[in-house]
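Let's take a walk through this model together, from its overall fold to a few single residues. Please keep the sequence and the coordinates open as you read.

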Amino acid sequence: MKRRILPAGLLLIIVVLIGAVLYGNGNYVVYMLTYIFSFVFLLCFAVFAASTVLEKIVQTVVYALILAAQILFAVLVMRPADGTEQFFDLYRLLGVLIVLVPFLIRQVCFFQHTA
């Protein structure tokens, strides 16, 4: 258990730093690229996982639907609010949190513990 604390802590620090940089310097295009990168990352996990073909297809479809929702959020909510600074801060924070949604779905729905 103690062997997992250091890598998990470092991963958490990296995720927080990436989120802070994305919040501080990102526009809606950068958010869309981040969403696409996380989709490709999780798609590789799904394709190369030791699971059945049906499970791989379901995971891919779920990740694609989440990606579509993320891009719609960036285009329909973040881009029009780019001029108003007060609302754009809130939308940037939501955009950073939405990046984590597919990883949360992976942990809750698709991650299988092996004993």
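This is a predicted model: local features need pLDDT of at least 70, side-chain atom pairs count only at pLDDT 80 or more; totals for chains, interfaces and linings use all residues.

Residues are numbered from 1 along each chain as its sequence is written, and side-chain values use heavy atoms, with hydrogens and water left out.

Start with the fold. The protein has five helices and zero strands, so its elements read α-α-α-α-α from the N terminus on, where helices (H or I, at least four residues) and strands (E, at least two) are DSSP runs numbered from the N terminus. Of its 115 residues, 23% count as buried; buried means under 20% relative accessible area, exposed over 50%, and partly exposed in between, with a 1.4 Å probe and protein chains only. Taking contacts (heavy atoms within 4.5 Å) with a separation of 6 or more, 70% are between residues 24 or more positions apart.

Now look inside. In soluble globular proteins, nonpolar side chains tend to be buried together. Here the largest nonpolar core has 16 residues, and L22, Y31, Y35, Y63 and M78 have the most contacts inside it. Such a core is a set of buried Ala, Val, Leu, Ile, Met, Phe, Trp, Tyr and Cys residues joined through side-chain atoms within 4.5 Å. At least two of its residues come from each of α2 (28-47), α3 (53-78) and α4 (85-99), and α2 gives the most, with six.

Next, turn to the largest pocket, whose volume is about 980 Å³. On a 1 Å grid over the protein atoms alone, a pocket is an open set of points where a 1.4 Å probe fits, with protein on both sides within 12 Å along at least five of seven lines; lining residues have an atom within 4 Å of a point. Points are joined across faces, edges and corners, and the volume is the space filled by probe spheres set on them. The lining has 28 residues, with L11, V15, F41, L100 and F103 nearest the pocket's centre. Two or more lining residues come from each of α1 (2-25), α2, α4 and α5 (101-110), and α1 gives the most, with 12. By class, the lining has 22 nonpolar, four polar and two charged residues; Ala, Val, Leu, Ile, Met, Phe, Trp, Tyr, Cys and Pro count as nonpolar, Asp, Glu, Lys and Arg as charged, and the others, Gly among them, as polar.

S38, in helix α2, counts as buried because its relative accessibility is 4%; beyond residues up to four places away in sequence, S38 touches P102 and F103. R92 lies in helix α4 and is also buried, at 11%. G19, in helix α1, is buried at 15%, and its C-alpha is 8.2 Å from that of L97, 78 residues apart in sequence.

Finally, the cysteines: C44 is partly exposed at 38% relative accessibility, while C109 is exposed at 53%. The structure holds zero disulfides, meaning pairs of cysteine sulfur atoms within 2.5 Å.
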